[in-house]
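Have the structure open while you read.

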Amino acid sequence: MSEQSRRPLKWIGSSLDDLSDFPLAVRKVMGHSLHLAQLGKKALNAKPLQGFSGAGILEIFEDHDGDTYRAVYTVRFTDAVYVLHAFQKKSKSGIATPRTDIDLVKRRLKTVTDQHK
C-alpha cells in the first residue's frame with residue numbers, strides 16, 4: 001500500500017484523548033505502530049488481542065518507566081483503521097487485559113460494526 005493509499009485513522013470514544021495523555025516517548029511508538037497499520041503492515045509491538053476471534057483486533061503495547069501502555073485497534077474494515085481504546089495497564093499481576101478494558105473494546109467495536117451495516 002503506498003503512502004497515498006494509506007487508510008485514515010478513526011478514533012472511537014475517548015481513545016485519542018487517552019493516547020494523548022501518554023508520555024511523549026510512548027506516543028511516538030504508538031503513532032509509528034498505527035502508521036504501519038494504516039499502510040497495511042503490522043508493527044513488531046502489535047499482536048492479536050486475546051478474546052477476539054481472528055487477527056482483526058490488535059493490541060499495541062509499550063513499556064515506559066515501569067508502566068505498560070496499550071492501544072487497541074481494528075483493521076476489520078477497509079475504509080479506515082479504527083482505534084478503539086488506549087489505556088495504561090494498572091494491574092501489576094498477570095498479563096491479561098482487565099475485564100473492564102475488554103468490555104469497553106467490545107462496546108466500541110460494536111459501535112463501529114453497527115455503522116458498517
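**Notes on the fold**

1. Read along the sequence, the pattern is β-α-α-β-β-β-β-α, giving three helices and five strands. Helices (H or I, at least four residues) and strands (E, at least two) are DSSP runs, numbered from the N terminus. The model is predicted: local features need pLDDT of at least 70, side-chain atom pairs count only at pLDDT 80 or more, and totals for chains, interfaces and linings use all residues. Residues are numbered from 1 along each chain as its sequence is written, and side-chain values use heavy atoms, leaving out hydrogens and water.

2. The five strands form an open sheet with mixed pairing, in the order β1-β5-β4-β3-β2 (a pair needs at least two DSSP bridges). At the edges are β1 (9-11) and β2 (46-48), each with a single partner strand, so one side of each has no neighbour in the sheet. From one strand to the next, the twist averages 35° (axes are lines fitted to C-alpha atoms, for helices over the stretch in contact, and angles run from 0 to 180 degrees between N-to-C directions).

3. Do look at β4 (residues 67-74) and β5 (residues 81-89), which pair in the antiparallel sense over seven bridges. Tyr 73 has Val 83 in β5 as its bridge partner.

4. Two helices deserve a look here. Helix α2 (residues 24-38) packs on the sheet, touching β1, β3 (57-64), β4 and β5, where contact means heavy atoms within 4.5 Å; its direction makes about 155° with that of β3. Helix α3 (residues 99-115) also packs on the sheet, touching β3, β4 and β5, at about 165° to the direction of β5.
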